[in-house]
Protein chains: 2
Amino acid sequence: MSILFKNATVIAAQDGNSVLYNTNVLIDQNKIAYVGKEDKQADRVIDASNKLIMPGFINTHTHVPMVLFRSYADDMVLFDWLSTIWPLEEKMDAEIITAGAMLAYAEMIRTGTTCFLDMYNFEEEIAQACVEVGLRGVLSRGLVGDVKDGMPKLQENIDLFNKWNGYKDGLIKVAFAPHAEYTSTKEFIAQCVKTTKELNSPMHIHISETKKEHEECIERHGKTPVQYFNDLGALDTGLLAAHCVYVTEEDMDILAQKKATVMHNPASNLKLASGFAPVQKMMEKGINISLGTDGASSNNNLDMHKEILLASIMHKGYSGDPTLLSPSQALKMATVNGAKALGYDNLGMIKEGYKADVIMIDLDKPRYYPRNNIESLIVYAGNSDDVCLTMVDGEILYENGNYNTLDIDKVNKAAQQALDKLTSKS
Amino acid sequence: MSILFKNATVIAAQDGNSVLYNTNVLIDQNKIAYVGKEDKQADRVIDASNKLIMPGFINTHTHVPMVLFRSYADDMVLFDWLSTIWPLEEKMDAEIITAGAMLAYAEMIRTGTTCFLDMYNFEEEIAQACVEVGLRGVLSRGLVGDVKDGMPKLQENIDLFNKWNGYKDGLIKVAFAPHAEYTSTKEFIAQCVKTTKELNSPMHIHISETKKEHEECIERHGKTPVQYFNDLGALDTGLLAAHCVYVTEEDMDILAQKKATVMHNPASNLKLASGFAPVQKMMEKGINISLGTDGASSNNNLDMHKEILLASIMHKGYSGDPTLLSPSQALKMATVNGAKALGYDNLGMIKEGYKADVIMIDLDKPRYYPRNNIESLIVYAGNSDDVCLTMVDGEILYENGNYNTLDIDKVNKAAQQALDKLTSKS
């Protein structure tokens, strides 16, 4: 199957500030086969005039089934929040997880996210639902505990890796996710590191999200979380470090030297009052920065448009410097930087030979007029609901109000029923 | 004409945390005639199941025609930005202003804003366009200069007042807007104050938006902008104070005592790197806080949903306290507090006898599932494009993709042409 997007505006998310106009984009099977002015034959031609073609958003930090706790426990200090959520998480089963995953995927697909990095449990169900709807996912089983009680979880993550890693040429990949310094023993983390080295898989860890976490790690180990994990070898196969709000100058140097990615979570860091990650400084040090929504219970949605907007404006306001973080930089964080983080060298740009994870945005709305700078319009003025087509690996998952791989009414209802079941007194 | 919204979820924005379920809302002419469980007869019945009825958003600080400069000059320090915009503003004429106003109104209507407070020039054209589309507007001519060159502008504002203030029982009102301390002489501001007292009209002023403005005022006058304007009597007929990022403890006491409203502009304060207004402290002192988008050239849209979200999360992140500013408080800022600011005692709630400025939001989207706390869902997870009906003064201006009082294709095109004209070399 080949599809030609004809006469589009294209944000290529390539190096430099490349916006293309009146451009044709040909998709052949699951690849971008051509980007340019020539007319091409295709099985289907889609008129993309007054529409924007760009790479799908890559959400590099989330906890998929936590959509079920959306708006369940807001505006609490962390401990109160955890005490409210944990008893519900204890009651989750495969069916509930699947209902949550499907709701999360429906929201991602509708708002232009084509790829995500997850950390949770029941990742087998999360993988199956992901394949069912056709999204691209990098999955990691949250690992907590000591060598004794953690090992079955690690084994789950290994089984997940053996079954799914590399599925359909990278539609599914698997990472390993020691949750954080404060939730595992040193010995268990060493065991996780050993496994990831054997399997050459990246590690996905919460690092220095809160001041408390950062300072208590120093108290316990005499070093920061970055230094602690580095000394344990956790940065050697590629670190995916979520948050990094409180990293030090020395931490940043280590992250840069080890070619780690920092996944910045603007909405979650603001809503949970975690703080302002030193994004500009990390960029100056050459650290790869990508974006994530975190779980929807601390966001409260999975809308990557919100993250590009927040990333662009929150650091300006906090630093007092309005020239920080351009729309172009924010768009790269949400696309090609995420692809790089997750080990894809042919994803996150509209470029010949790249994977066909593509979204189309309808520009015929007041917020996109007049048309001065298209990247600015998308980031500062845009809205996720203007996504009118979402394609992953060459397959159209959503188009003009219609989902092709899920029944949205069923998904919405099942999610409500799942929460009702979790919160019922019985 | 009467309209019954049947079986709705209602956020009443009343005191307390009042959400009503399975509720009927009857509109009769331009008023809310009934809110409750009884079935009512009406000329038209709208099924509002799985939909939310709430008061329309009230955008209490904007510069309507500046939508034309959307994405034209981003990420600049203030002086560079002004130097880029001013030459274009010099070239504006009535036709260009009207094109800008119509684009702004189309965006407001689509995203659920039913009332706004404007400050710009060509307010006569802005009023005419407002009446044409049917929005509720409080208009003020930006006043700058000295007694000599400022007086014709003040006369314009007086003419505007005489022609429009109180039009259609308050569909249009007029305020007086000395732009800021640094753009007028003391003598001219005194003249403006004299006029507003004679006409018993509120004053709309930029106050302590930037550190520079605040500190230079102290250097010039030995007092802060709030104290300077207070000593000139500008707080005596109702002050509408935009921004107030750098107000002192003493300033806040004055604002509270004089029953001023502070219009908080979250997106603009972040994007222009102005800073974080002490919103929590002002609320504790009993100051009425409403929300505004500021002009779209420093935002870059007129989407009040973005402002309720930002107001809710930015102060949490900045203060380190996640319990600050609940969704309910943010919703009040965007509705009833705005109405109070603008001198309406029967606007901004879904309440019998109140003006029928009402929006309907489609809740049948993944982001509104599962349904734990409806106010949280609207503020943290919601999206302005879920507004499916916008009514002002009992008239439906927008419904399910269709504008009833404007031709959206013409409006979008005219806005582009207006900017092209402004930026053409000829």
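How many of the residues of strand 12 (residues 239–243) of chain B are buried? The count is 5 of 5, so strand 12 of chain B is mostly covered; a residue is called buried if 20 or more other C-beta atoms lie within 10 Å of its own, exposed if 12 or fewer, and partly exposed in between, with C-beta atoms placed from the backbone. Strands here are DSSP runs of E with at least two residues, helices are runs of H or I with at least four residues, and both are numbered from the N terminus.

Before going on, a word about what you're looking at. This is a predicted model, in which local features need pLDDT of at least 70 and side-chain atom pairs count only at pLDDT 80 or more, while totals for chains, interfaces and linings use all residues. Residues are numbered from 1 along each chain as its sequence is written, and chains are lettered from A and ligands numbered from 1 in the order in which they are written.

Back to strand 12 of chain B and its partners. Two strands count as paired if DSSP finds at least two bridges between them. On one hand, strand 11 (residues 203–207) of chain B runs parallel to strand 12 of chain B, joined by 5 bridges, and B:M203 sits opposite B:L239. On the other, 3 bridges link strand 12 of chain B to strand 13 (residues 261–264) of chain B, again in parallel, with B:L240 facing B:T261.

Now hop over to chain A. There, 4 strands make an open sheet with parallel pairing, in the order 11-12-13-14. Strand 11 (203–207) and strand 14 (288–291) of chain A are the edge strands, each with a single partner strand, so one side of each has no neighbour in the sheet. On average, neighbouring strands of this sheet are turned by 30 degrees against each other, direction ignored (axes are lines fitted to C-alpha atoms, for helices over the stretch in contact, and angles run from 0 to 180 degrees between N-to-C directions). Strand 13 (residues 261–264) of chain A runs parallel to strand 14 of chain A, with 4 bridges between them, and A:T261 stands opposite A:N288.

Strands 2 and 3 of chain B form a hairpin with 2 residues between them, and B:Q29 in the turn has a positive phi of about 55 degrees.

Next, the domains. By an automatic or database domain assignment, chain A is divided into domain 1 (2–55 + 347–403) and domain 2 (57–341). Domain 1 of chain A puts 25 residues into the contact and domain 2 of chain A puts in 27, where contact means that the C-beta atoms of two residues, placed from the backbone, lie within 7 Å. On the domain 1 side, helix 15 (374–381), strand 16 (387–392) and strand 17 (395–399) of chain A each supply at least two residues, and helix 15 of chain A gives the most, with 5 residues. By class, that side has 14 nonpolar, 7 polar and 4 charged residues (Ala, Val, Leu, Ile, Met, Phe, Trp, Tyr, Cys and Pro count as nonpolar, Asp, Glu, Lys and Arg as charged, and the others, Gly among them, as polar).

Finally, how do the two chains sit together? The same surface serves both copies, as 98% of the contact residues of chain B recur in chain A. The contact takes 52 residues from chain B and 51 from chain A. Helix 12 of chain B gives the most to the chain B side, with 5 residues. That side has 22 nonpolar, 18 polar and 12 charged residues.
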